[in-house]
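Please read the following report alongside the sequence and the coordinates. It takes up a sheet, a helix, a cavity and a salt bridge in turn.

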Amino acid sequence: MTPTTNEAGDLAARAAGTAPEPFRSSRRGRLRVYLGAAPGVGKTFAMLQSAAELQRQGVDLRVGSLDCAGRTEPLQARLAALPGGRDAAGGLDLDALLARPPALLLIDRLAGANPPSSRHAQRWQDVQELLAAGIDVHTTLDVLHLESLKNRVEALTGQPVAETVPDWLLEEAHEVLLIDCLPAELPDHVFDLSTLAALRALALQVVAGRADSEVQRRYRPSGRTAPAVLGRLLVAVDGDEQAEQLVRHASRVARRRQLPWSLVHVDDGRARSAESRQRLQAARQLAERLGGEVVGLLGEEVAGTLLRHVRERRASVLLVGSRRRGWFGQGVVERLLRQGRGLEIDVLAAEEAPAAPAFATHGHAAGPFDYGLALLATLSASLAAWGLSRVLALPNISLVFLVAVLLVAVRSGLGPALCCALLSFVAYDLLFVSPTFSLTVQHHADVLTLLFFLFMAILTGNLATRQRRQMQVLREAQAETAALLELTRKLSAATDRRAVLAVAVEQFAAWPDLDVCLLGSDGSDGAGGLRVEAGVAAGLGEAERAAAEWVWQHELPAGLGTDTLPGGRWWWWPLSGEEGPLALLGIAPRDRRALSASRRGLLVALCQPLAQALARAQLAEELQAARLRGETEQLRSALLASVSHDLRTPLTVMHGAIDSLLTLDGQIGAADRRELLESTRDEAARLDRYIQNLLDMTRLGHGGLKLERDWVAPADIVASSLQRLRPLLAPFVLETRIPEELPLLHVHAALIEQALVNVLENAARFSPPGGRLRVAVESDGAELRLSVSDQGPGIPPAEREKIFDMFYTAARGDRGGPGTGLGLAICQGILGAHGGRVTVGEGLDGQGATLSLHLPLPLQPPGDAEHEYEPMTAS
């Protein structure tokens, strides 16, 4: 990007000292921000490229800070001859820059922190001081460092944002240039492509929002209202039959005009029937499916609340229906048309004639009991007022009837309250207004009193009904919040899928009028690929399973109360993750009626944390499986390396014996010949065992290794191991402590022998010649310990946990010296497969180390079992 002619001319004039006075000291410096979505998009390159062109035109510029490398190095070399602006600590030398101010200063990474000795803690504070001194600044900034986006960025990236810049600084910038780059084209990036795409969208939103703010700023001095540059469509819906029609029409208009859109509902506190609330909930769900935003507002005056929201959201189009009317005949549409000057208001005509209005209460229509209560309240108020008529003046008696109206409104709703008001009006006129027991009013003042009483009765009844409804709404919201918190608390302790599903069933079991079922995939495709994992399994016929299969395939709700397969008893909702459905939630009311809108909304709200918990459990299971696969592969490789190394010994012995027989056939006596043949046979048997172990390890890598357990005496394992290592252990003083009475082990004998051999080899490798080695066997009834102690250099406490890591060889101690560092890792793997463990302790006489193999002791076989197993032959 190259500077404009006017910009270059202004900077050159200021550098030459010929600029007018406003451009030298009294003017504030101009800030240009090169904004990008993430590091690496080319912000610094663009800034340096522009600076190089300005330098060629003679502009006096300096480089304050550059924290970059790579493709910007040629441009940095070109600007290297310029005087710098840093102090000894690496921060900006503000005093030197202010003493001889340049026309332009380049500062990379506006959000960077200054050294502790600097004047300001943050680099953007230095920029503010430089701008105040009239110095122009070009700088770079990543959108992830904006203060207002900190929480969103941390949620996107999963990393804390330590350095931020206030948003007002970006608003005050003279220029903001977006340096954009497709996420896939970034050469080196620290975030994944999906996160980069989200950060790129944030950067575009910031620049677009600044453009809209610029329009507002230009219009503000003239006192005119700025147009909405970006524009937004708002559709206002109510709980009538036209709600879904409005939503669909709004979606089509927004798509045609390329506008974002929102569904807005204003809750004015009026009572609504269950049917109205259900239609409103359906319209909200439809808007979400069609890509719209859902907004709920509170306000007594619908038109004014809508217009305030239109101004706040900078909306350009408002779509409303033609049915809603006010209390005194004037509808919301008329008020919007009268008050919404300059706003495009589209009115969608109804497809059919509006239904007659009816009074309703929240959740149920007023019944005979409610109107009977109104009559009873009127009679009670009349009796109370008759008793108080001797001590109270006539106007005060009306308060008794107002109390009755309020009680009925709070208990039953608006319809019974209005009935009570009319009955109270008649009773008040008949009993207390002269002449009594007649509807005739003698005094004109009493007429005004009666009319005022009727007006107050209707008004207080309406207000009490609204307060009652708002209280019920608050209670429902509180119940929903409490249910969400309780479910979230329980799910936080659930570590696997089964626990998550158990928590879900427990949560929904609090509603005794509902049956709950949770389905999951059984791994097959097509019909019948779902199975019941939790909850009620009865009542799932072919039709219900077909609906569940459809929901699983399309990830949309279906069943009872929906437009898809509504004939069944169950309502199915998908619990989906990023890669598809994780489970299906099925809800069936036991009274066979459809779910209410409020109940359905609460269920949908609870499904979100439940789906997140299932996704978390699935991820944990996948990570655990990946870890186990990695550990299995490492163990298999280590065992293969160890066994393959041991193949050399029997082959060497066999080769030597066969060579002796071939070379000295006639010179070898019968006894020596027999000894050589027996040695060859024993080594062949050992080789056969090694090859079998090798095959077992191969099966381990493919998940097919099975521990061939058998009952074996610990003394036999020790004897066989010592026999195998007899040449290696010859230079040492060997002690064995094996009690006569020891329980039998139920293990894979060859593997346990291999583990003990590894420990013995480890001890022999680091013990001094002539040193002591001790092999001890102990049992406490719960486990058996095979211990090997030596007098080597020992193992430092800090390294005792590391010696069992793959390929780890300590600098000293029992894992130092030659070797691959596999023996103890193999040993731990073998013991772990048997449910045991390996521990490290002190050696003999305060020297060396002791490695103990701990094996659990199962229930011993019957008494004659000791005659059934065959002792191992030392090889």
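The sections below describe selected features of this model, which is predicted.

## Strand order in the sheet

An open sheet is built from 5 strands, arranged in the order E17-E19-E20-E22-E21, and the pairing within this sheet is mixed. From one strand to the next, the twist averages 15°.

## Antiparallel pairs and a hairpin

Strand E20, which covers residues 783-789, pairs with strand E22, residues 849-856, in the antiparallel sense over 7 bridges. Within this pairing, Leu786 has Leu853 of E22 as its bridge partner.

Strand E22 also pairs with E21, again in the antiparallel sense, and here the pairing runs over 6 bridges. Gly841 is the residue that stands opposite Thr850 in E22. The hairpin of E21 and E22 has 6 residues between the strands, and in this hairpin Asp845 takes a positive phi near 55°.

## A helix across the sheet

Which strands does helix H22 lie across? Helix H22, made up of residues 714-724, lies across E17, strand E19 (772-779) and E20, and it runs at about 160° to E19.

## Cavities

Rolling a probe the size of a water molecule over the atoms shows where empty space is left. In this structure there are 3 cavities of 30 Å³ or more, and the second largest cavity has a volume of about 40 Å³.

The residues that line the second largest cavity are Ala37, Ala38, Val41, Cys181, Pro183, Leu186, Leu196 and Arg200. Sorted by class, the lining of the second largest cavity comprises 7 nonpolar, no polar and 1 charged residues.

## Salt bridges

Side chains of opposite charge can pair when their charged atoms come close. The structure holds 21 salt bridges, and one of these is formed by Arg109 with Glu163, whose closest N and O atoms are 2.9 Å apart. This pair links distant parts of the chain, the two residues being 54 residues apart. Arg109 sits in the loop between strand E3 (104-107) and helix H5 (123-132), whereas Glu163 belongs to the loop between helix H6 (150-157) and helix H7 (167-172).

Note on methods
Residues numbered from 1 in each chain as written. Predicted model: local features only at pLDDT ≥ 70, side-chain atom pairs only at ≥ 80, totals over all residues. Heavy atoms only, no water. Pairing = 2+ DSSP bridges. Helix = DSSP H or I, 4+ residues; strand = E, 2+ residues; numbered from the N terminus. Axes fitted to C-alpha atoms, helices over the stretch in contact; angles between N-to-C directions. Contact = heavy atoms within 4.5 Å. 1 Å grid on protein atoms, 1.4 Å probe; cavity = no way out; pocket = protein on both sides within 12 Å on 5 of 7 lines; lining within 4 Å. Points joined across faces, edges and corners; volume = space filled by probe spheres on them. Nonpolar A, V, L, I, M, F, W, Y, C, P; charged D, E, K, R; others polar. Salt bridge = Lys/Arg side-chain N within 4 Å of Asp/Glu carboxyl O.
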